[in-house]
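We'll go stop by stop, selecting a few residues at a time.

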Amino acid sequence: MAAAPAAAAVWADVMWCLGLGCLLWAVRDGAELLVGRGPVRCFVLDLLAFTAAAVLLVGFSAGVSAAGLARWYMAVGLAAGALAWQKAIVPPLHVLTEWIVRLLLAPARWGRRYIAVPLRKAACARLAALKKRCCPRRPRKKAGKSKKSGKNQLQKKSKILYN
């Protein structure tokens, strides 16, 4: 059995794992942004994230950790980092991203509202005026009632045969 590392080394390992968990969930969030949401896609991304977490945890414990072994507090730190990214960092980050996109698209929205839509309306009105002047409408004929077929589609009761 391996000796327990010092408390300072344990806290250093936990902080490393918190950072790795945040980084892992940021990559997963970015992948979700690229491929979209959906039950199958989220399942595959979660499966890949779980596998990556296991590889990160073993790699970290073998390479950087003071203990040299994967310990329970490292896994908890990794999970806490992923949860912290999802619950604390993602909401303000998405709001900030939405505001940046709105600011970048504001000139396009302004141009559409004040330039493109009035030009389209004017072009449609001009086209309608030209059409009216070149080809005046002929009055439509009134549609009369459709004539009913003289045949009765049902068989006569006397000819209906029962088996």
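Helices here are DSSP runs of H or I with at least four residues, strands are runs of E with at least two, and both are numbered from the N terminus. Counted that way, the protein chain has 3 helices and 0 strands, and from the N terminus on its elements run α-α-α.

Some ground rules before clicking. This is a predicted model, so to speak of local features takes pLDDT of at least 70, and side-chain atom pairs count only at pLDDT 80 or more, while totals for chains, interfaces and linings use all residues. Residues are numbered from 1 along each chain as its sequence is written, and side-chain values use heavy atoms, with hydrogens and water left out.

**Whole chain**

Buried means under 20% relative accessible area, exposed means over 50%, and partly exposed is in between (1.4 Å probe, protein chains only). Of the 163 residues of the protein chain, 18% count as buried. Accessible areas come from the Shrake-Rupley method with a 1.4 Å probe, and for residues only the protein chains shown count as cover. The accessible surface of the chain comes to about 14000 Å², with 68% of that belonging to carbon and sulfur atoms. As for contacts (heavy atoms within 4.5 Å), take those with a separation of 6 or more: residues 24 or more positions apart account for 66% of them.

**Stop 1: helix α1**

Select residues 7-35, which make up helix α1. The expected span of a helix is 1.5 Å times one less than its number of residues. For the 29 residues of α1 that gives 42 Å, and the end C-alpha atoms are 42 Å apart, which agrees.

Now colour the buried residues of α1, among them Ala 9, Val 10, Val 14, Leu 20, Leu 24 and Trp 25. Which helices do they pack against? The buried residues of α1 pack against α2 (39-63) and α3. Step off the end of α1 and you come to Gly 36, whose phi is positive, near 90°.

**Stop 2: the salt-bridge network**

Show side chains for Arg 28, Glu 32, Arg 37 and Asp 46, which are linked in a network of salt bridges. A salt bridge is a side-chain nitrogen of Lys or Arg within 4 Å of a carboxyl oxygen of Asp or Glu. The whole structure holds 4 of them.

Start with Arg 28 and Glu 32, whose side chains meet at 2.6 Å, N to O. Both lie in helix α1, 4 residues apart, about one turn of the helix. Are they buried or exposed? Both Arg 28 and Glu 32 are buried, with relative accessible areas of 8% for Arg 28 and 9% for Glu 32.

Next, follow Arg 28 to Asp 46, where the closest N and O atoms are 2.7 Å apart. This pair links distant parts of the chain, with Asp 46 in helix α2 and Arg 28 in helix α1, 18 residues apart. Asp 46 counts as partly exposed, at 34% relative accessibility.

Then go from Glu 32 to Arg 37: another salt bridge, with the closest N and O atoms 3.0 Å apart. Arg 37 is exposed, at 63% relative accessibility.

**Stop 3: Ala 67**

Select Ala 67 in the loop between α2 and α3. At 19% relative accessibility, Ala 67 counts as buried. Leaving aside its neighbours within four places in sequence, Ala 67 is in contact with Pro 5, Asp 13, Tyr 73 and Met 74. Draw a C-alpha to C-alpha distance from Ala 67 to Asp 13: they are 54 residues apart in sequence and 8.8 Å apart in space.

**Stop 4: the surface of helix α3**

Helix α3 covers residues 72-134, and Ile 89 sits in it. Select Ile 89, Leu 93, Leu 96, Ile 100, Val 101, Leu 104 and Leu 105 to see a nonpolar surface patch of about 610 Å². Patches are made of residues with over 30% relative accessible area and no salt bridge, with like charges joined within 9 Å and nonpolar side chains (Val, Leu, Ile, Met, Phe, Trp, Tyr) within 5 Å. Ile 89 is partly exposed, at 33% relative accessibility.

**Stop 5: an aromatic pair**

Rings of Phe, Tyr and Trp (its six-membered ring) pair if their centres lie within 6.5 Å; planes under 30 degrees apart count as stacked, over 60 as edge-to-face and the rest as tilted. The structure holds 3 aromatic pairs. Select Trp 110 and Tyr 114: their ring centres are 5.7 Å apart and their planes are at 50°, so the pair is tilted. Both lie in helix α3, 4 residues apart, about one turn of the helix, and both Trp 110 and Tyr 114 are exposed.
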